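Good morning, and thank you for the time.

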Amino acid sequence: MLGIKRLGLLAALVLVGVAPAAAAQAAAQPSTQDTQYLQAVHQVNLFEITAGDLAQQKGQDQGVKDLGAMLKTDHTQLDQTVQQTASQLGVELPNEPSADQQAVIDKLNNASGAEFDRLWVTSELAGHVQAIQATQTEISQGSEQSVVQLAQNALPTLQAHYDELVQLANKLGIPVPQTSASGTPSPGGTGTESPAPGGTGTESPAPGGTTDSPAPGGGTTETPAPGMS
């Protein structure tokens, strides 16, 4: 009888311990901001891996080929962390590029030579501006520490990519949108048409949202920013 009572007591203690743990797990669910950022940056990575392959295969300029290889490597590594973090938090990730991303990929597939290089660099510039803005938004507005940390680690890489793209654009004579990656006017620019990163207004670039990136010459570009659909 004493053994049975002990078993009953142990079972009760186990149940008492499980209840708070389950409640804590439920309370730790990521916010909409954190969830959308993970999903958006994963789609960015899907696009960049594909676009990196295309740059290596179809780029006319060696700089396009080399930068495409670097972007593919970096975004493959970044996506490993994204997938691990999403798995730990129970966030379901998309398994294919967005419609906007696919539209850009289709255009790249149909382009060749100097036209391909121009389209690739232009779409990469627009995409990285918005990826950086979405990452800055996560850093300032995210609530799940592991996702915020991921964004903080990704930001320097994204900014380095943007700087490399600007240098390549200048080398190839491709106009650079008059908006810097930080969302501030570039030298000689009159302002930015893109939402300020980390803003709290309705025009803030929520991860997965769409914005109009300034096109070369000050207009808006019809090229979708990869991943920010």
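By buried I mean under 20% relative accessible area, by exposed over 50%, and by partly exposed anything in between, using a 1.4 Å probe and protein chains only. Please note that this is a predicted model, in which local features need pLDDT of at least 70, side-chain atom pairs count only at pLDDT 80 or more, and totals for chains, interfaces and linings use all residues. Residues are numbered from 1 along each chain as its sequence is written, and side-chain values use heavy atoms, without hydrogens and water.

I turn to the salt bridges. A salt bridge here is a side-chain nitrogen of Lys or Arg within 4 Å of a carboxyl oxygen of Asp or Glu. How many does a search of the whole structure find? There are two.

One joins Asp61 to Lys171, with the closest N and O atoms 3.1 Å apart. Asp61 sits in the loop between H2 and H3 and Lys171 in helix H6, so this pair ties together parts that are 110 residues apart in sequence. Helices here are DSSP runs (H or I, at least four residues), numbered from the N terminus, and strands are runs of E of at least two. Asp61 is buried, at 16% relative accessible area, whereas Lys171 is exposed, at 55%.

The other joins Asp53 and Lys72, whose closest N and O atoms are 2.7 Å apart. Asp53 belongs to helix H2 (residues 32-58) and Lys72 to helix H3 (residues 62-89), 19 residues apart. Asp53 is partly exposed, at 26%, and Lys72 is also partly exposed, at 28%.
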